[in-house]
Amino acid sequence: MKDESRRGFIGKAFGAVAAVGGVASLLAMKKTWDPLPSVMTAGFTTVDVSALEANKLQISVWRGKPIFILKYTEDMKPTDGRSVKVGDHYYSVMIGLCTHLGCIPGYEEDNKKFKCACHGGEYSADGKQTFGPPPRPLDIPPYKINGNTLVLGEEGPEYKAMMAKAGGA
Amino acid sequence: MAEFKPADSMYEWFDQRLGIDKFVKVMMTEYWIPKNINFLWAMGVLLTVMFTLLLVSGIFLLMYYKPDVNMAFDSVNYTIMQEVGYGWLFRHIHAVGASVVFLIIYIHMFTGIYYGSYKKGREMIWISGMLLFMLFSAEGFSGYMLPWGQMSYWAAYVITEIFGGIPLIGGDLVIWIRGNFYVADATLTRFFMLHVLLIPVAILGAIVFHFYSLRFPHVNNEEGEFFDFDEEATKYLEGDKKGSKVVPFWPVFLSKDFFVLGFFLLFFFYLVFFHYDFAMDPINFDKADGLKTPAHIYPEWYFLWSYEVLRGWFFEIAGVSGKDLGLMAFGFANAIFLVLPWLDRSPMVKPANQRPYFKYWFWLLIADLMVLTEFGKLPPTGPNAWVGFGASLMFLVLFIALPFITKAEAKKVEGK
């Protein structure tokens, strides 16, 4: 009997060491697949929006994602909680990826709407979904207004106010 | 240690050490296959040959391919296609092979469904087969990324984005899978690793397991007849080859398989040499550009049916968004075949056309999959979107109804 309990203890001890080693190596494997620190820290994009032409879509790049910047014409009404005011003008600032499966919608200047060719989704100029499978409006990237420029990737007070409004609604 | 007598021949020397005689008997000359089968039973051997062709052509491509976003496209389209002697041949074998292997997998799968070869003891054959189907799908998807053309890039983008639909962890999971916020170099190199090492190794293991799972329940036959394999084997070995219901795997079964294989390879190499274009989408000859979506994205033909199930849901139902519904339907479509043996509640193992209700189900399923495949490639606008929705819904209804249909069939057959 004494022998049995000795073997039992050795078996359990072996199992425990193996389990710790197994979990630790799984963790290491998970970490190996993580994005590299250089990838995580890279990327603030600065865009000067003062020279943009109204109703012409400007596409900038931030963290490999296309960013739509659309200056409004005089007759386009700003949307509360979505349109960004820089200087005297209003802009749509949005991540240009369809919220359905990530294709890049095109902008139709005549109809003032975005249309995604992949699965037929449509958005109004302020990025609200109006037709098809998109589950939500185009996402708004974190931004900070610095005079006439936008710093993408940094959360400015205007962005925080906008998000608070969206979250509260 | 066992006593070894000096060997009289080289053959005996090896046989003493490796048991060749016994091994050949167990694996080949006394592995029994039913006689009552047709050319559809040759698909397993065809698939083994196709996998070998893919492996060999892949090894040659691997010598010149460069898994780097700046070099991948040119290493395929310039180095392999124009500089390497016969590089084009290996690429075309690999690309056409990847497509044709799915054609044979589907024939193999639906032969199994038609003849009821997935139940009454054959469940593990079916499950290991479906595991192989999933592994081949992952292998096809990861390989499609490697030439780093526009279709490679956007297929990778859309498919990895699907994981974003998983509640709570979705967003982080997508970044983790890609190793970046978008499909980037880290994504290419890790999927390269999966394509050339991890998944092929898993496939090899699964193939061995699939073959092994056949040994105890044995191969099904054209009539779904159950008989005693040992008894029939004894008959065969005692000389009553005509009366026995079985033949040995080698040389009898394989010789007929090789005949079918001969025709198949003529067809395959006809495609490789004269019609490879169907496996080489022209859009993929534009280099990947993360800021320019092609006007119309579609997967290779063999994924079209499940792609259409995914995107068929384009409007909200009861507060659930079209996107979530599509994801749920897609998940359902990819998992449901796995449990087919338990959805079929009828004990009949017969070809579908001899089953009073199942035959309608079977042909409806084939028709629905054809519609899904056809519309998966068309732009999802106007009436197309509705046909896609209808076919996608039909797919779900067919599988939800299967237990009831087969239960009713069992009752009807017993009542006779």
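# Two chains, one predicted complex

Okay, let's start with chain B, which has 16 helices and 2 strands. Helices (H or I, at least four residues) and strands (E, at least two) are DSSP runs here, numbered from the N terminus. With a radius of gyration of 24 Å, close to the 22 Å that the globule rule gives for 416 residues, chain B is as compact as a globular protein of that length. That radius is taken over C-alpha atoms, and the rule is 2.2 Å times the number of residues to the power 0.38.

Quick housekeeping. This is a predicted model, where local features need pLDDT of at least 70 and side-chain atom pairs count only at pLDDT 80 or more, while totals for chains, interfaces and linings use all residues. Residues are numbered from 1 along each chain as its sequence is written, and chains are lettered from A and ligands numbered from 1 in the order in which they are written.

For chain B the mean pLDDT is 94, and 100% of the residues reach 70 or more. For the complex, we get an ipTM of 0.78 and a pTM of 0.88.

Back to the build of chain B. Its C-alpha atoms fill a box of roughly 70 × 65 × 45 Å along the principal axes. Of its 416 residues, 35% count as buried. Buried means that 20 or more other C-beta atoms lie within 10 Å of the residue's own; exposed means 12 or fewer, partly exposed is in between, and the C-beta atoms are placed from the backbone. Now contacts: two residues are in contact if their C-beta atoms, placed from the backbone, lie within 7 Å. In chain B, residues 24 or more positions apart account for 74% of the contacts with a separation of 6 or more.

Now chain A. There are 3 helices and 11 strands in chain A. Walk along from the N terminus and you get α-α-β-β-β-β-β-β-β-β-β-β-β-α. Chain A has a radius of gyration of 25 Å, well over the 15 Å that the globule rule gives for 169 residues, so it is more spread out than a compact globule. You can see that in the box, too: roughly 90 × 35 × 30 Å along the principal axes for the C-alpha atoms of chain A.

Next up, where do the chains meet? On chain A, 22 residues are in contact with 28 residues of chain B. Which elements of chain A give two or more residues to that side? They are β2 (57-62) and β3 (65-71). By class, this side of chain A has 13 nonpolar, 6 polar and 3 charged residues. For those classes, Ala, Val, Leu, Ile, Met, Phe, Trp, Tyr, Cys and Pro count as nonpolar, Asp, Glu, Lys and Arg as charged, and the others, Gly among them, as polar.

Then the cores. A nonpolar core is a set of buried Ala, Val, Leu, Ile, Met, Phe, Trp, Tyr and Cys residues joined through C-beta atoms within 7 Å. The largest has 86 residues, and those with the most contacts inside it are A:Tyr91, A:Val93 and B:Val101. Leaving out residues up to four places away in sequence, B:Val101 touches B:Leu47, B:Met50, B:Leu54 and B:Phe136. There's also a second, separate core of 19 residues, including B:Tyr307 and B:Phe314.

Most residues other than glycine have a negative phi, and most peptide bonds are trans. B:Trp148 has a positive phi of about 55° although it is not a glycine. Is B:Trp148 buried or exposed? Buried, with 25 other C-beta atoms within 10 Å of B:Trp148. You'll find B:Trp148 in the loop between α6 (123-145) and α7 (150-162) of chain B. Over in chain A, A:Asn55 has a positive phi near 60°, and A:Asn55 sits in the loop between β1 (45-48) and β2. A:Asn55 counts as partly exposed, with 16 C-beta neighbours inside 10 Å.

And finally, a cis peptide bond joins B:Trp250 and B:Pro251, with omega about 5°. B:Pro251 lies in helix α11 (residues 249-274) of chain B.

Key. pLDDT = per-residue confidence, 0-100.
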